[in-house]
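Biologist: Could you take a close look at a single part of this model and walk me through it in one connected answer?

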Amino acid sequence: MVPIIQVENARYRYGEEKKMAVDGVTLSVEKGEFVAVLGHNGSGKSTLAKLINALFLPTEGRVLVAGLDTAGKDNAWAVRRHCGMVFQNPDNQLVATVVEEDGAFGLENIGVPSDEIRRRVDEALDMVGMLSYARHAPHMLSGGQKQRVAIAGVLAMRPDVIVFDEATAMLDPSGRRDVMAIAQKLNREGITVVWITHFMREASLAGRVIVMDKGEIALEGSPVAVFEQVDRVRALGLDVPEMVDLAGRLREKGVPLPAGVMTVDEMVVELCRLK
Ligand code: ADP
Ligand code: MG
């Protein structure tokens, strides 16, 4: 099976900058995966996201989405239809004065007939739990609700992949949970998710974690495999999930916790198991 995203030794340099922002990344994502991308500020996450979405073309190497080379002639729009993107600030992504028009915008641009637009927008708003807000003004919504409308706008294009670039960073905890839960639901329904975040708890829920550093992939593996390398993760400028930290400190005090405790639920189960 062809991976849905293939990044082959990609490099990207902004203008005349000396340093490459993405510096030799090779990565492949299979259809249906939920991949979290971590890394301190400036490690190249957003640049990588834009390479995947054909907003940037690699200075060196190749990026393919659904088998399409992003640098191929006239491929950029097709790539963006396969791969939608949700950014940090929903205000930059919402353009219309009414929620439902926002979802329709991208479809009008690609010439979808109006009855089909109506159907797709309603379906997309329903998927993010915002159908009852279809006639509301986006600026009246909470940050989390706006982000859900932005996701609906992407969903209306029926993408295979959605790249979320710190989509929860500006939200309050409840908005954050809602948006993460929607990404997980979409993933269960078959959409491939690339989830860029600096919240370790979110990364711990992914199927695979990639840690970027200086434009390169520094660590990669299951959340358990990555976060067990506590010192390495910290050296890369990141925290480990709270429960991994707590489990480590309890082990130091002689509490025999097994490896791989990452969530509060897992911690409760393991503590209750101790005699
Ligand atoms: P992240 O999303 O992980 O914070 P970015 O991909 O935004 O990282 O940035 C990677 C590197 O590229 C950083 O060194 C950053 O300073 C640089 N960079 C980002 N945007 C630009 C730009 N528009 N012009 C020049 N350098 C940039
Ligand atoms: Mg960024």
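Modeller: A residue is called buried under 20% relative accessible area, exposed over 50% and partly exposed in between, with a 1.4 Å probe and protein chains only. Because its relative accessibility is 9%, isoleucine 182 counts as buried. This is a predicted model, in which local features need pLDDT of at least 70 and side-chain atom pairs count only at pLDDT 80 or more, while totals for chains, interfaces and linings use all residues. Residues are numbered from 1 along each chain as its sequence is written, chains are lettered from A and ligands numbered from 1 in the order in which they are written, and side-chain values use heavy atoms, with hydrogens and water left out.

Isoleucine 182 has its place in helix α6, which spans residues 173-188; helices here are DSSP runs of H or I with at least four residues, strands are runs of E with at least two, and both are numbered from the N terminus. Once the neighbours within four places in sequence are set aside, isoleucine 182 is in contact with Val128, Arg148 and Ile151, where contact means heavy atoms within 4.5 Å. Aspartate 160, for its part, is 22 residues from isoleucine 182 in sequence, and the two lie 15 Å apart in space, C-alpha to C-alpha.

As for the lining of the largest cavity, its residues divide into eight nonpolar, no polar and one charged, and α1 gives the largest share, four residues. In these terms a cavity is a set of points, on a 1 Å grid over the protein atoms alone, where a 1.4 Å probe fits but cannot get out, and lining residues have an atom within 4 Å of a point; Ala, Val, Leu, Ile, Met, Phe, Trp, Tyr, Cys and Pro count as nonpolar, Asp, Glu, Lys and Arg as charged, and the others, Gly among them, as polar.
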